[in-house]
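Dear colleague,

Here is the structure I said I would pass on. My notes on it follow below.

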Amino acid sequence: MAAEKLRDLTQPIDVPLLDATVAAFYGTGSKEERAAADQILRDLQNNPDMWLQVVHILQNTQNLNTKFFALQVLEGVIKYRWNALPLEQREGMKNYISEVIVQLSRDEASFRRERLYVNKLNVILVQILKHDWPARWQSFIPDLVNAAKTSETICENCMVILKLLSEEVFDFSRGEMTQQKIKELKQSLNSEFQLIHELCLYVLSASQRAELIRATLSTLHAFLSWIPLGYIFESPLLETLLKFFPIPAYRNLTLQCLTEVAALNFGDFYNVQYEKMYNVFMAQLQAILPPTTNIPDAYANGSADEQAFIQNLALFFTSFFKSHIRVLEATQENIAALLMGLEYLINISYVDDTEVFKVCLDYWNSLVLELFEAHHNVENPAAVANMMGLQMPFLPGMVDGMGSQLLQRRQLYAGTMSKLRLLMICRMAKPEEVLIVEDENGNIVRETMKDNDVLVQYKIMRETLIYLTHLDHDDTEKQMLKKLSKQLNGEDWSWNNLNTLCWAIGSISGSMMEEQENRFLVMVIRDLLNLCEITKGKDNKAVIASNIMYVVGQYPRFLRAHWKFLKTVVNKLFEFMHETHPGVQDMACDTFLKIVQKCKRKFVIIQVGESEPFVSELLTGLPTTIADLEPHQIHMFYEAVGYMISAESDPQKRDEYLRRLMELPNQKWTEIIGQARQSVDVLKDQDVIRAVLNILQTNTSAASSLGTCFFPQISVIFLDMLNVYRMYSELISNTIAGGGPFASKTSFVKLLRSVKRETLKLIETFLDKAEDQPHIGTQFVPPMMDPVLADYARNVPDARESEVLSLYATIINKYCVSLRLVGLCLWLGLDIPSYGLLRSARYKAAMIEDVPRIFEAVFQCTLEMITKNFEDYPEHRLKFFSLLRAIATHCFAALIRLSPQQLKLVMDSIIWAFRHTERNIAETGLNLLLEMLKNFQVSEFCNQFYRTYFLTIEQEIFAVLTDTFHKPGFKLHVLVLQHLFCLVNLPPIILVDMSGSSVLVYVSALVPASTFLWVQSGGITEPLWDAATVPYPYPNNEVFVREYTIKLLSSSFPNMTAAEVTQFVTGLFESTNDLSTFKNHIRDFLVQSKEFSAQDNKDLYAEEAAAQRERERQRMLSIPGLIAPNEIQDEMLDS
């Protein structure tokens, strides 16, 4: 086709032909035409010489899409190759772009006509500035300001450029530029801001042109967050902004500017100005939006600008109060204005808009936290002293004085806090939701919805309401009971109002003193039961019933303290289990499980006035209780009763309870197995298969809560279960072999596979939950070798269950974990803690002997399944590498025994894993690699391993480190690289801790010796290079690795100069002993290499974010009620 001529860039490009190709790409022609045009444009874009045609194209085309294509090519060159271009080419392009911008924005007509084109040129200019300013373009700001004074349209565009520059430097610079470059640009903007400030003030005072004034206000909005405060408070700027606020055309932009000023907080120096600003603003606001306005209605019926005004108003108030609320607490006049502002914010909080509410909620949370912490610290003077950095205790008078001030402050906000409690109750978000869904095999399973927007909002609202409760328990109680009374008298009755009220009541569990909480909850339950009695309609009663169940499930402390009430609640739940209204039975079973988990001891002791423990009474009536439940609900019920039985300390009673619990499923199991012994074809009937599956699921549920106590039950069914497993496996393989790949999708095969998976899940659940007892391992693991392990190897790929991999990973993690500790005791001549541990260790030694057999059965065949692509067999992928990690961690001796070919297969699979785009698989592969590196470090094969794999690992880690698809693995990439560079840079020592695990520490690190059993030297003692292929010997491994790394990165990043690469590699070696510096050095390199530009780089800072989350959790644990009682491990309280 004619467009092929475009590929020849040795002569000026044919612009009409390029226009036609671009038009074909964007046009409505055939799919083939668009594909051909797309390929040509891609080839042109990737051609390194294409950018030289950009000026020619821009000068000769009128097509906007063609101009954008040319500028896209230019933008790529500026981002990735600008510094490598000759000086004259850089200067020529810079001058050309500047001239075109000035030419197009000189008069109104061309500026409006070419607005999109000019905007793109502005972006290109700012990209150039990020490289050349200030060092190579020192006059840029003066030049821009001078140009702005020549024409109002040029001035408007100059404002746009300044705004873009500010955003690039202050808002989008993280991950886009090196930290040094960001610092340099910020300093330049600060030092030259006076010219910009004067220009903005001049425009706002002299111009009558609305577009220019809006552009100036928009630019000021971008600048106000970082400019020196003197430009705001010691100039007419603030006064000018307040003059523009009442004018509708500029109101929203002005309010955004005022919000930026309000958010600034640099001490008390400008308090007077802030006070004046707030009072003037409030006077103007009352004229614009009278305090009596129904703001939620005004928002619902308002225009887009009016809605934006209310959003901006919320941002202004929250920003001002966060930084300067103390300024307004000083005088009575200011207090009146402050309380009026808070009243506005309360009213705005009722607006039916999620984003507006989030803004308000964030502030309410911070205000209430501040008031709570002050209140909390007054009650704990030592905390106050510590908070203020004092080394001596407070004197009583000092505490009283502070207490008086804080009490006055609490009283000041008491009215607002009361209204806020009502707001939180009325708008409480929905808590964690459990959904009952059908999985791919047709089984009913429970799914918990986590971390969606509503749940995040609930957590913040719950936290806020708990702080409010601590500030005034009585008012919280009064507000909730008042709302409940309105439900009873019908004044406020609706499903939504009752739901939000009950979610709010449930959310404050644990935040009141126990006596008050008991009284409050009795009244709540009484009123809810009355409401259920007087309300007509089955649907209404079902909603009330579900809310009763939700509330009681949130108060385990109350239930533990009141046996009769607990028994009444549980019996009521049993009644609800016969209620067929949608959702009621699920809610009843879920609540029963929650209650039993927190109160299990109460059910196995004989309570006052009772003749037998409740669990015995329950087991007697069990068939009747579960008669109307669905299978998945019965499983939940069995799990709950399992928790009860596990609380029984008498083994004989416990085993008897277990026998009675499993009587129904065991009767059915015995019946099926008896029929199968007469005729094996019975097991092929689909109804029988479903019955077997249901029995296994019931056993799995009980095993999950009983743990070791489940031993008598699984011993009864184990061998028959393996026989059924073997038979179904053969049946599946034969069906797939005879029916082809589609046979595995049939309902019959899916049902058979569900039985196999549930069998494996039951065994894994029991072994995982059971305590580390040798007889369990010896009884259950050897019999599974052929029916499970050999069966996996024999099966066709589509019939292999991924659960086999996770089962053996659990076995190895569970039964090989303390072997090296016993060996350590023997090596040191220490006493072995117990005979049981020695028996356990003997069994674990036998397990290590089995590892090669496990490896042989699953490794090769699984690897063939998962390495063909990144999509097939997703469940096998993660579980395979989890098994490999378990072997590397606990049975490393077995890996050392592998042949070199087998070890290469292992290493290749690990590399394949961390190359994977699926985050879980990549992380498992990286963690596995770290385990391997650490274990080989302390083995006799250290030199041999690192000589073979050191350079390969380094090259592969750099490949994924600089690939944006693998950003989530950044932390682990850094740890692997640090380990490798430390190996050749610093002589390491190996510290062996109390568990027998080895920890690599380098000589510069400070480690308390008391936490380790022994210290041993370790490291590479032989050259990493191949003497046969290297012309001259290196003085040491460090020099060799340094040179290799420089060559590797130079070839991978031709856009970086040799000096830049060398500086980076030198920095790596200099910072190996400081992980934080090492990590920041790599972050800068990723930006400098342009691999991670213009992207979301939060994954590079994930480790710091995780540490912050843990600190927040520890803080929450110190405040009663902040962590929900259902989330706290409080076994000791259940007595």
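**Cysteines**

Cys 532 is buried, because its relative accessible area is 17% and the cut-off for buried is under 20%. Please keep in mind that this is a predicted model. Cys 891 is buried as well, with a relative accessible area of 0%. A disulfide is a covalent bond between the sulfur atoms of two cysteines. Searching the whole structure for disulfides gave zero.

**Nonpolar core**

The largest nonpolar core contains 348 residues. Within this core, the residues with the most contacts are Phe 281, Phe 317, Phe 321, Trp 364, Phe 592 and Met 932. The element that gives the most to the core is helix α38, which spans residues 711-739 and supplies twelve residues.

I looked at one of the core residues in more detail. Leaving aside residues up to four places away in sequence, Phe 317 is in contact with Tyr 278, Phe 281, Met 282, Leu 285, Gly 341, Tyr 344 and Leu 345.

**Ile 161**

Helix α9, residues 152-171, holds Ile 161. Is Ile 161 buried or exposed? Ile 161 counts as buried, because its relative accessibility is 2% and buried means under 20%.

Which residues does Ile 161 touch, not counting those up to four places away in sequence? They are Ile 101, Asn 122, Leu 125, Val 126, Phe 140 and Leu 144.

Regards

Key
Residues numbered from 1 in each chain as written. Predicted model: local features only at pLDDT ≥ 70, side-chain atom pairs only at ≥ 80, totals over all residues. Heavy atoms only, no water. Core = buried A, V, L, I, M, F, W, Y, C linked by side-chain atoms within 4.5 Å. Buried < 20%, exposed > 50% of the residue type's maximum accessible area, 1.4 Å probe, protein only. Helix = DSSP H or I, 4+ residues; strand = E, 2+ residues; numbered from the N terminus. Contact = heavy atoms within 4.5 Å. Disulfide = S-S within 2.5 Å.
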